[in-house]
Amino acid sequence: MSESLLGILNDINTSLALLAQQIRAEALAGFGSGNKVAEHVLLPVLRCVYAAPGLINTNALAANFPGIDLYDPSSGLGVQITSDDTAGKITDTINTILSNSVPLQRLVVVIVRHDTPEFSGPTREKWARTAGGYFKFNPKADIFAFDRLLHRIQNLDSTDIYAIAAELGALVRGVHAFHLLPHLRRQVESQLAEERRIARYIPDVFVETQDTKYQGRCFAHPVLFIKRIADWFDREPLSGLNRIAAMSGVPPLSAPPIEKAANKLDEVIAVAESAILGLQRFETELFTYSEICRDEGAHIPRDSARAYVLEETHYYIEMGARSLKYKTNDRLTELRCVASKFFLLTGPAGQGKTNFLCDFAERFLLRHEIPSAYITARNLSRIPAPDLTEVLCRLIFPPAVLSLDEGLRALKAECEGRALPFVLVIDGLNEHPDIRTFAGQLEHMLEVLSKYPYVRVLMTCRSEFLEQRFGSLLSGPLAPYLHVSKAHGQRFDDAQFQELVARYFRFFKVRPSRVFSSVVSFLQRDVLMLRFFCEAYGARGRDGAYVQPYVAGIYRDEIFRSYIEDKLGRAQRALLFDRSATQPLARQTGLRRVLSLVAAHMLETGCFTDVPRDVVPAELDRELTALLDEELVLRHDLGPASSMLSEPSEVLNFTFDEMRDFLLAQHLLNVHSKDPGEFSRLLSAQQPGAAQTVEGIQRFLFYASRVPNNLVFFTEYRSHPWYGAVYDSEVFAIPPTHVNNDDEIIIENAMSLGGAGAISFVRKLAVRWKVSAFPILNLDFLIEVTHRLGGDFFGNVIVPAFGHSSYGDESLCRNFCSFVEAHVLKNLKPYGEHPYEPVFRLLFVLLPIHASPALESPAAGALRSLAAEFPRQLLRVLPRVINEVGPRHRLFLWHVLATSEFSALDLVDFKAYAQDDVDNEGVDVALRREAEWFIDRLSRNGV
Amino acid sequence: MIISLYSDSYGQNDYFICPRASLSIAELRARMLDRAKVNSGSYASGLIDCLYADIFIHSLDLKKDYTDFFEKEYEKFGEYLRKRMRFPREVVQELQVAFDISSAIYRFRPRFSFLNDEYGLEFLTTLIEDEPQERE
């Protein structure tokens with residue numbers, strides 16, 4: 001027990017044992033200084049034991065004082081301290097004292113070893129006889145080692161015992177010199193740095209979940225935050241309700257007071273516990289007010305003279321009471337946090353529990369200088385010891401601290417002086433590889449810790465494991481001390497999502513200028529993909545030669561491949577740093593084999609979840625543990641129990657579904673390289689029941705087939721039905737470098753057939769306007785196909801693709817024109833090269849869409865704006881456009897040119913084209929009229 | 001200084017009342033009653049009294065809350081407003097300025113709809129704003 005006598009005596013025993021061991025080691029090594037040290041150390045102890053405050057070292061009286069090391073002149077007590085436990089040494093001591101006539105009343109011999117040696121009866125009698133007439137010496141009682149010294153200490157007054165413990169602690173182990181707080185601070189900082197290094201903690205990315213963080217604050221700094229809870233009551237939250245109650249002839253409510261003056265941890269806990277009881281009663285009262293006109297509220301006294309008012313106001317009273325009950329309930333939760341010793345944050349994977357803990361430790365615990373330590377369940381698993389308290393001591397305290405008890409007791413004064421608890425943070429209880437054993441050990445450790453009133457433990461655990469593995473925490477003897485908080489998903493607004501992406505980019509060193517805005521928009525909606533993306537393309541952790549490519553899409557295959565490579569490297573490094581490793585180090589091949597075994601099991605059974613853990617053979621246990629370590633690729637879960645009476649079994653799952661599909665496809669790719677027949681068998685064995693997963697595998701096999709290095713696979717797989725099944729939807733989801741001219745032929749053929757498929761292709765091609773990023777299958781290609789396929793294609797495909805829109809949305813045509821106004825006009829230069837030529841050409845294609853009878857359209861407006869600001873740039877594209885477009889588009893073209901701010905001289909080259917339309921009797925009247933108007937404009941300007 | 005913020009989709013205003021002069025609560029109350037020109041003990045006086053209490057007693061003083069509880073955690077007041085209170089950037093910037101020149105910053109959410117919009121802001125300005133007092 002922390003401050004019990006038993007604990008103190010254990011402490012003394014530890015110090016004495018250490019002293020005996022050190023002096024024996026020095027004696028064996030031939031150093032004689034050990035006995036001198038023992039004299040100094042034992043002096044204060046023996047002063048207490050023999051009630052001899054005058055006992056001093058004889059060296060202070062004279063050099064080479066004969067026979068004894070300590071002497072009390074007033075009582076005549078002499079003490080010989082020796083590590084020599086032979087009878088001859090004691091005989092010599094007695095003879096020396098006698099021969100030098102030392103004025104001794106009593107001799108005591110302390111032997112510096114743990115157990116008192118036994119001397120024969122005749123020897124003892126001889127010593128007693130020899131000393132007999134000169135000084136008292138009872139060999140049975142006056143010769144002893146540390147075991148009997150401890151017995152004598154036990155018989156002392158407790159004040160003396162505490163004093164001896166303190167002296168021994170200081171002199172033997174230097175506990176007075178422990179600088180625990182700086183050490184603990186460094187421990188937390190070092191763990192946070194490690195979490196940051198392995199990207200489990202991304203600073204600043206954490207956006208607060210108010211409830212959880214606030215509860216954490218109340219838990220970790222109760223003395224401060226109980227004042228804030230009290231402040232809430234000071235702001236008179238009942239005033240509104242009481243005002244209506246008074247008007248309605250109903251007695252007012254009063255909230256229980258919360259004492260703000262408490263400045264010590266134990267006082268604050270007492271205040272919180274009392275306030276909890278008061279608030280619980282208050283909540284019951286509020287409930288009756290929330291039912292004031294129903295049965296529950298019938299007993300509330302009321303003034304019948306004001307019944308007519310209550311008739312009108314009872315709804316407001318009920319609503320007010322209900323609203324207040326919610327708020328009071330929050331205060332109740334906060335007070336429970338203040339009073340709790342253990343705080344457990346639970347929630348499903350991916351909710352940011354680790355990031356929360358790290359952020360909380362860095363921004364709250366460290367900044368408030370709250371004594372704290374940060375460990376993970378994985379840390380605890382790496383030191384093999386049956387007693388978790390011993391492991392914990394080694395993890396958080398300096399080596400000089402011999403036990404957890406000693407370290408925690410040393411913290412007591414610091415904690416009391418600052419009115420702060422010591423907060424031990426344990427992240428990821430579920431990440432311990434042996435959860436069954438760990439759960440019991442943890443419970444024992446928490447029981448030990450619960451006995452230190454100033455110690456608090458903040459833990460996280462995935463919710464799936466909480467009930468099954470750590471259920472006893474929720475219902476066992478520790479339950480009254482435990483507060484459980486559930487992590488909820490983040491609810492951000494758009495600006496916060498943008499901020500989130502920006503912070504991820506900054507942390508992972510992703511260059512935003514090399515990421516398309518459409519990709520950024522996608523990533524704002526998918527935080528998980530954002531993480532994968534950043535790890536795949538960011539410069540963090542890569543050498544200086546790395547140049548981030550332009551990323552124009554979410555190329556899942558590329559992203560996951562890069563991510564897996566990185567994770568396997570990290571898992572291997574984890575094995576390298578595992579100091580408990582006794583086997584040869586694992587290689588990436590072993591890690592890959594684990595993934596392959598899990599994937600093979602899924603494909604064989606057609607069941608894509610809950611792979612039994614024993615699928616991975618024992619010799620790959622370390623590789624499996626390394627992969628499970630961070631649960632970023634593979635995770636262990638609890639599978640369904642085979643019966644009501646059996647325990648659920650541990651199973652393996654891939655962490656994310658898309659990652660699973662990718663890894664299954666990679667496994668199939670490997671199978672194909674070794675045995676194409678087996679590959680075909682596995683594909684044909686997949687059942688339609690797992691349609692979603694099969695679709696996922698199809699997608700990733702398609703991506704894999706398009707990787708240039710997998711040409712052999714591509715050659716065979718392109719004729720497989722699975723390839724064609726996803727071609728239309730996925731050909732735009734592969735990097736532009738993986739697309740070839742054959743794809744253009746396939747897509748042009750598909751577009752020529754019209755229909756929804758063609759419209760979908762058009763929309764995808766239209767946004768690939770940047771030819772440098774998309775050398776094939778781009779907007780240029782779309783415009784060429786549009787002109788090649790002619791008027792029907794324009795009417796049946798281009799118009800619906802650009803002109804139609806869902807209810808509430810803008811059409812693609814209008815969006816495109818807005819893009820020109822908002823983006824192109826801002827970035828274009830009057831002269832020089834630019835990437836917007838396909839955009840200009842598309843605007844001419846879009847001229848008839850959403851056109852009014854006066855030939856005005858969004859594209860016409862955009863072209864006119866371009867002509868006004870950048871006439872040279874637009875003129876450069878005009879010759880090509882005039883040769884491309886048909887009569888329908890020329891009608892609009894002449895209209896735009898006639899109404900734009902071009903100088904007439906600039907347009908002179910196009911007069912002949914207009915004249916052709918005027919002279920051609922076969923053309924539409926409107927076209928001829930617009931052509932004439934254009935020529936007329938030129939003529940009026942002297943051209 | 002009074003800063004207005006449309007805080008929700010129902011058009012509900014949040015006001016940040018930032019008195020510059022370090023007046024006591026009682027002085028603020030007296031100022032409001034005086035400027036409202038209400039007779040002592042009248043119904044109108046009661047209403048103004050309620051409004052005063054809603055602002056200066058029942059509302060959270062963000063400046064005090066920050067300095068008392070969150071200063072160590074958030075280096076700047078703006079950070080506290082942005083991360084803890086989740087206020088939009090433009091309001092954060094205004095409040096950051098107000099922090100340096102105001103004795104308190106009360107976040108007031110009116111219970112009466114007439115206190116919303118331009119009229120509400122004008123009404124509150126008349127009753128509370130420091131500047132008319134300073135001109136006198």
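These legends go with a set of close-up views of a predicted model.

**View 1. Where chain B meets chain A.** Here 21 residues of chain B touch 26 residues of chain A. Put together, the two chains bury about 2200 Å², and 38% of that sits on carbon and sulfur atoms. On the chain B side, look for B:Phe69, B:Glu73 and B:Arg86: these lose the most area to chain A, together 33% of what that side buries.

**View 2. Charges across the interface.** Seven salt bridges turn up between chain B and chain A. One to zoom in on pairs the side chains of B:Glu73 and A:Lys213, with N to O at 3.5 Å. B:Glu73 is also among the chain B residues that lose the most area to chain A. As for polar contacts, the count between the two chains is eleven residue pairs, with both residues at pLDDT 80 or more. Two elements of chain B each give two or more residues to the side that touches chain A, namely helix H3 (62-70) and helix H4 (77-84). Of the elements, H3(B) gives the most, with five residues. Sort that side of chain B by residue type and you get 13 charged, six nonpolar and two polar.

**View 3. The parallel sheet of chain A.** Five strands of chain A line up as E7-E8-E9-E6-E10 in an open sheet, and the pairing is parallel. From one strand to the next, the twist averages 15°. Zoom in on strand E6 (residues 342-347) and E10(A): five bridges join these parallel strands. One pair to pick out is A:Phe343 with its bridge partner A:His483 in E10(A). Helix H8 (residues 180-197) of chain A lies across E7 and strand E8 (422-427), running at about 35° to E7(A).

**View 4. The mixed sheet of chain A.** This open sheet also belongs to chain A; its five strands run in the order E1-E2-E3-E4-E5, with mixed pairing. Strand E1 (56-57) and strand E5 (143-144) each have a single partner strand, so one side of each is left without a neighbour in the sheet. Strand E4 (residues 106-111) and E5(A) run parallel and are joined by two bridges. In E5(A), A:Phe144 is the bridge partner of A:Val110. Helix H3 (residues 87-99) of chain A lies across strand E3 (77-82), E4 and E5, running at about 150° to E4(A).

Definitions and conventions. Residues numbered from 1 in each chain as written. Chains lettered and ligands numbered in written order. Predicted model: local features only at pLDDT ≥ 70, side-chain atom pairs only at ≥ 80, totals over all residues. Heavy atoms only, no water. Contact = heavy atoms within 4.5 Å. Buried area = accessible area lost by both parts, 1.4 Å probe. Salt bridge = Lys/Arg side-chain N within 4 Å of Asp/Glu carboxyl O. Polar contact = N/O pair within 3.5 Å; in protein donor to acceptor, adjacent residues only side chain to side chain. Helix = DSSP H or I, 4+ residues; strand = E, 2+ residues; numbered from the N terminus. Nonpolar A, V, L, I, M, F, W, Y, C, P; charged D, E, K, R; others polar. Pairing = 2+ DSSP bridges. Axes fitted to C-alpha atoms, helices over the stretch in contact; angles between N-to-C directions.
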